[in-house]
Amino acid sequence: MTATDTLAATPIALVGLGKIAIDQHHPSILKSGAFRLAATVSRNAGLEGIPAHKTLAALIAAQPEVTAVALCTPPQVRHAMACEALEAGLDVMLEKPPGATIAEVEALIDLAAARGRVLFATWHSRFAAGVPAAKAWLAGRQILRGTITWREDVRRWHPGQRWIWQAGGLGVFDPGINALSILTEILPAPLRLTSAELEFPENQETPIAARLSYLTGAAPIAADFDFRQEGPQSWAMEFETDDGVLSLADGGATVSAGGQNLSQGEALGSEYDGLYARFARLIATRTSEVDLSPLKHVADAFMLGRRLTTDPFIE
Ligand code: NAP
């Protein structure tokens, strides 16, 4: 980053200093020439050398020079914070999922438009290294069938995150929606759910596993989401086509097709650098970007899915 970049950089505040803010947002902001971390908002934490506030209201009152926020809080509290930020004239980046319901995000789209603010609903997995190559490869081929295996250990990746087990926290759809964000990006034709089974631990409000059957055109797509995966973790997809097989692994970072390597990267790799570059472009062009399709597919699973009760989950 050069001194000129710093002068021109958009002053941004990080809101909610949890796992994703620390692991991904902060490093990507530091690397970005387009943003300067001007403040944090957190009930419990701070970052050395950065002005810290306990609430958004305190940030807005104390630092009017801040023009953008990245909301890294759980989905259940995101709508109220996004409204407060947009009303105060800030451009807003939303972590995924963009909200706890579809209607509340639609309301944010209207509010951002009415206030002339930029609203960016991020889907970080769409910025995985292999996603554009997978999309391009599938574009000219006929898909015959697909399988999605998104199985991870909740104790390893979401330790102590009570919100994930509370209504609106999505349970296994918190990672599963990443798979749906990739699917809706790379498939040439729309996806629709035909049946689903959701397993709810008897002591929790959100599912620990889901088995989902979709159609895209006439091709069946089977998805297996599970939070109980010990040993090797799996964020993978495979599509059989009329012209070979496409395999995607590591959450979209690694892709091979027809026996050739199209992309080799690390899970989460440079996804957040890509998100901040996109947010900078949206701010420069005063354009919002909100695609609700992954969230709609989760809502459909909750609507159509058969509910099964399973063993209690105790962290
Ligand atoms: P987290 O570690 O639990 O952090 C969330 C932070 O939000 C908390 O540390 C807390 O920060 C703040 N917060 C504000 N109001 C809250 C409330 N009522 N209840 C709980 N926390 C509240 O969660 P995370 O993993 O960073 O996930 C946050 C969002 O990022 C989720 O939507 C998730 O889907 C998304 N995401 C997570 C990952 C991942 O690998 N973990 C990856 C991509 C996206 P303060 O104490 O600072 O207020």
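Tutor: The bounds of a domain, as used here, come from an automatic or database domain assignment. For this chain, that assignment gives domain 1 (10-121) and domain 2 (126-264 + 297-310). The model is a predicted one.

Contact between them involves 8 residues of domain 1 and 12 residues of domain 2.

Both domains also take part in the ligand site. Domain 1 (10-121) and domain 2 (126-264 + 297-310) each supply at least three residues to the shell around the ligand. The ligand is surrounded by 22 residues, of which Ser42, Asn44, Arg78, Lys96 and Asp174 are the closest. By residue class, this shell comprises 9 nonpolar, 7 polar and 6 charged residues. The space that the ligand takes is the largest pocket.

The backbone may now be considered. Oxygen of the ligand lies 3.1 Å from a backbone N or O atom of Leu17. For Lys19, a polar backbone atom is 2.9 Å from an oxygen atom of the ligand. For Arg43, the distance between a polar backbone atom and an oxygen atom of the ligand is 3.0 Å. The ligand taken alone exposes 870 Å², and the protein buries 83% of that area.

Technical notes
Residues numbered from 1 in each chain as written. Predicted model: local features only at pLDDT ≥ 70, side-chain atom pairs only at ≥ 80, totals over all residues. Heavy atoms only, no water. Near = heavy atom within 4 Å. Polar contact = N/O pair within 3.5 Å; in protein donor to acceptor, adjacent residues only side chain to side chain. Areas by Shrake-Rupley, 256 points an atom, 1.4 Å probe, with all protein chains shown as cover. 1 Å grid on protein atoms, 1.4 Å probe; cavity = no way out; pocket = protein on both sides within 12 Å on 5 of 7 lines; lining within 4 Å. Sits in = over half its atoms within 2 Å of the grid points. Nonpolar A, V, L, I, M, F, W, Y, C, P; charged D, E, K, R; others polar. Contact = heavy atoms within 4.5 Å.
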